[in-house]
Each structure stands twice: as structure tokens, then as C-alpha cells.
Amino acid sequence: MTSFLDPLIAFVSEHAWLAYLTLFLAALLEAVPVVGALVPGSTIILALSALVPGGELNLWGVLASAIAGALLGDGTAYLAGHRSQREILNVWPLANYPNVVAQSESFFTRWGALAVFFARFVPPIRAFVPITAGALGMPPMKFYGVNIPAILVWAMAHVLPGVLAVSVLHQYGLSHHEHVGKHLWMWAVAGGALVVAFGVWTIRRRHGGGIIETAKK
């Protein structure tokens with residue numbers, strides 16, 4: 001990991017636009033049904049946000065990229081569901097995951113508009129609730145009225161911890177580019193990834209062994 005970190009930092013420093021594009025795509029793909037449950041978008045955002053204090057990336061650029069990706073992803077999924085209504089829940093690829101669709105529909109029915117907010121913070125469900133909300137006829141103004149604030153909070157919750165953690169290292173003279181600071185930075189990112197992975201595993205276990213489960217024929 002140490003030998004990988006130096007080239008990564010150097011590459012991001014010279015190609016910041018590619019890092020912002022990666023952040024955008026990570027947030028976008030997390031909102032795509034089925035795909036979003038498999039893409040480690042939260043881990044990618046956490047890792048790249050840790051490069052803000054060192055000057056490789058700009059805080060506002062990181063936040064804007066993540067927010068734009070999430071808005072486009074959620075908005076597109078919602079509009080697809082709103083246009084096709086319930087029919088879209090019974091076609092490929094959603095037709096291959098009836099358990100997930102049923103759980104998403106139950107979650108939305110139980111919590112209503114709040115489901116759109118809560119789902120933003122639950123990786124497996126995040127990819128299914130927007131399209132479900134559209135398919136079940138949630139009005140656009142109501143959806144975006146909840147979805148936009150949720151995305152803003154979600155983006156800050158994913159970006160700021162990495163920025164603050166590395167900023168603390170810098171205050172104590174431990175740059176994430178060198179020596180002890182480098183190792184602490186790597187462990188912080190790895191630890192964050194493990195926390196996210198454990199959270200996803202716990203949610204999947206509570207839903208009977210996996211939120212994403214191919215339908216048995």
C-alpha cells in the first residue's frame with residue numbers, strides 16, 4: 001500500500017479533473033439500481049476526500065462532484081420509475097431481484113417521503129428507493145424536496161470526515177505524504193472502508209443473507 005500511495009498522490013496532483021470525474025461517477029453509479037449495491041462509492045469518496053488537506057484536491061470541487069453525481073443518479077432513477085410506473089419494477093434487471101424490489105417497496109410504504117432521505121445513507125437500499133418512489137407515484141416536488149437535502153447531508157457526511165481526519169494529522173505535523181502520517185492516513189482510509197463494509201454486511205444479514213440476491217427459478 002505504501003508503494004501504491006506515492007504514485008496515486010502524484011497522479012491525482014497532476015490529473016485532478018480525473019479524480020473529480022471518479023467522484024462524480026462513484027456517486028452516480030451508487031444510485032443505479034442493482035449496480036449501486038455493488039459499487040464501493042462511499043469508500044472511493046472517503047479515500048479521495050482525504051487528499052483535500054494536502055492540496056491535491058479542492059474541498060468544494062470534491063463536494064460538488066459527489067453532489068452532482070448523486071443528484072443525476074437519483075433523479076434519473078426516479079424519473080425512469082415515474083415515467084413507467086409499476087411496470088418498470090417487473091422488467092430487467094429489476095425483475096431478477098424480486099426480493100430487493102419488495103423490500104424497497106415495503107421500506108417506502110412504511111416511511112413515505114422519509115424513506116427517500118433515510119435510503120441515502122443505506123448503501124444496498126440507496127440504489128432502489130428512488131426508482132421505487134417514482135414507480136409508486138411519488139410527486140416530483142415531494143421527491144426532490146426530500147432528496148436534495150438528503151444528498152447535501154450525505155455528501156458532507158462522506159467528505160468531511162476524511163478531510164477533518166487528515167487535517168488533524170497535519171496539525172500535529174504528520175503529513176499524509178510522509179513517514180508516520182502516510183501510514184496513519186492509509187489505516188484511516190482502510191478503517192473507514194471496513195466500517196462501511198461491515199455496515200453493508202450487517203444490513204444484508206438482517207435481510208436474510210443479502211439485499212442483492214438473484215431470484216431463484
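## Overall architecture

Helices here are DSSP runs of type H or I with at least four residues, numbered from the N terminus. Tyr-144 lies in one such run, helix H9. The structure described is a predicted model.

The protein chain contains ten helices and zero strands. Its pattern, read along the sequence, is accordingly written α-α-α-α-α-α-α-α-α-α. Of its 217 residues, 43% count as buried. Among contacts with a separation of 6 or more, 76% join residues 24 or more positions apart.

Helix H2 covers residues 16–29, a total of 14 residues. The distance from its first C-alpha to its last is 20 Å, close to the 20 Å expected at 1.5 Å a residue. The buried residues of H2 are Ala-16, Ala-19, Tyr-20, Leu-23, Ala-26, Ala-27 and Leu-28.

Two packed helices are described by the angle between their axes and the distance between the axes. For H2 and H4, the angle is about 35° and the axes are 7 Å apart. The crossing of H2 past H4 is right-handed. On the H2 side, the contact is made by Tyr-20, Leu-23, Phe-24, Ala-27 and Leu-28. These meet Gly-61, Val-62, Ser-65, Ala-66, Ala-68, Gly-69, Ala-70, Leu-72 and Gly-73 of H4. By class, the residues of this contact comprise ten nonpolar, four polar and no charged.

Ser-65 is part of helix H4, which spans residues 59–84. Its relative accessibility is 11%, so Ser-65 counts as buried, the cut-off being under 20%. Apart from neighbours within four places in sequence, Ser-65 is in contact with Tyr-20, Leu-23 and Phe-24.

Asn-58 is placed in the loop between helix H3 (41–49) and H4. Because its relative accessibility is 41%, Asn-58 counts as partly exposed. Asn-58 and Tyr-20 are 38 residues apart along the chain, and their C-alpha atoms are separated by 9.4 Å.

## Helix H5

Helix H5 consists of 14 residues, 98–111, which should span 20 Å at 1.5 Å a residue. The end C-alpha atoms are 20 Å apart, in agreement with that expectation. The buried residues of H5 are Val-100, Val-101, Ser-104, Phe-107 and Phe-108. Viewed down the axis of H5, these buried residues fall within an arc of 125°, and therefore they line one face of the helix. An α-helix has 3.6 residues a turn, so residues three or four places apart point the same way.

The cover over the buried residues of H5 includes helix H6 (113–119), helix H7 (123–126) and helix H8 (129–135). On the face of H5 turned away from its buried side are the exposed residues Thr-109 and Arg-110. Gly-112 follows H5 and has a positive phi, near 65°.

## Pro-130 in helix H8

Pro-130 is found in helix H8, one of the elements covering the buried residues of H5. With a relative accessibility of 4%, Pro-130 counts as buried. Leaving aside neighbours within four places in sequence, the contacts of Pro-130 are Asp-74, Ala-77, Tyr-78 and Phe-143. The C-alpha atoms of Pro-130 and Phe-117 are 10.0 Å apart in space, and the two residues are 13 residues apart in sequence.

## Two residues of helix H9

Val-163 belongs to helix H9, residues 140–171. Its relative accessibility of 9% is the reason why Val-163 counts as buried. Val-163 and Ser-49 are 114 residues apart in sequence, yet their C-alpha atoms are 5.8 Å apart. Beyond neighbours within four places in sequence, Val-163 is in contact with Ser-49, Val-52, Pro-53 and Leu-59.

Tyr-144, also in H9, counts as partly exposed because its relative accessibility is 27%. With neighbours within four places in sequence left aside, Tyr-144 is in contact with Gly-75, Tyr-78, Leu-79 and Pro-149. Tyr-78 is also among the contacts of Pro-130. The separation of Tyr-144 from Leu-71 is 73 residues in sequence and 9.3 Å in space, C-alpha to C-alpha.

How values were computed: Residues numbered from 1 in each chain as written. Predicted model: local features only at pLDDT ≥ 70, side-chain atom pairs only at ≥ 80, totals over all residues. Heavy atoms only, no water. Expected span 1.5 Å × (residues − 1). Buried < 20%, exposed > 50% of the residue type's maximum accessible area, 1.4 Å probe, protein only. Arc of directions from axis to C-beta. Contact = heavy atoms within 4.5 Å. Axes fitted to C-alpha atoms, helices over the stretch in contact; angles between N-to-C directions. Left-handed = near helix turned anticlockwise from the far one by under 90°. Nonpolar A, V, L, I, M, F, W, Y, C, P; charged D, E, K, R; others polar.
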